[in-house]
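Let's work through some exercises together. Have a look at the chain below, then try each task before reading its solution.

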Amino acid sequence: MTLVKFNNKANNTLMPGFNDVFDSILNDTFFSDRMVARVPAVNISESENNYHVELAAPGLKKEDFKLNLERNQLSISVEQSGDHQDNQKNYSKREYSYSSFVRSFTLPESADHGNIEASYTDGILRIDIAKREEAKVVRRQIEIK
């Protein structure tokens, strides 16, 4: 089933422009940009010795991130508020900005909690989680007799 926006402008002859008022309010950048929850996309991969988490969060600084590990739960959080001091009182529209998100991941039993490294470069937060020695894949060739 497809959700389609209802538009009954043709039948609105008693109050022309009534729908236009609500369309302009609901299509305002306040509703379209600030009320939509933005959660960064994440890529999770595994190599022979590590688990890798890459979180796309451009426009932030590495100081904005908080990484916490509790039991097997790794949490990545950011909280930002734009408090711009402006002494000019003649503005017609001024919007405060606040954004936050939390992404949490359950680490596998094979993760080495004491060996986690993180870096933030070019808008990507990279987290490398080492595997315990016993969890690493052992490869060897077996001789056929």
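Predicted model: local features only at pLDDT ≥ 70, side-chain atom pairs only at ≥ 80, totals over all residues.

**Exercise 1.** Which two strands form a hairpin with two residues between them?

Residues are numbered from 1 along each chain as its sequence is written, and side-chain values use heavy atoms, leaving out hydrogens and water.

*Solution.* Step 1: strands are DSSP runs (E, at least two residues), numbered from the N terminus. Step 2: the hairpin is made by β6 and β7, and D122 in its turn has a positive phi of about 55°. Step 3: β6 (residues 111-121) pairs with β7 in the antiparallel sense over seven bridges; two strands pair if DSSP finds at least two bridges between them. Step 4: A111 has K131 in β7 as its bridge partner.

**Exercise 2.** Which side chain meets that of K131 in a salt bridge?

*Solution.* Step 1: a salt bridge puts a side-chain nitrogen of Lys or Arg within 4 Å of a carboxyl oxygen of Asp or Glu. Step 2: the partner of K131 is E46, at 2.5 Å, N to O. Step 3: K131 belongs to β7 (residues 124-131) and E46 to β1 (residues 42-46), so the pair ties together parts 85 residues apart in sequence.

**Exercise 3.** Is K131 buried or exposed?

*Solution.* Step 1: buried means under 20% relative accessible area, exposed over 50%, and partly exposed in between (1.4 Å probe, protein chains only). Step 2: K131, at 5%, is buried, while E46, at 54%, is exposed.

Notes
Helix = DSSP H or I, 4+ residues; strand = E, 2+ residues; numbered from the N terminus.
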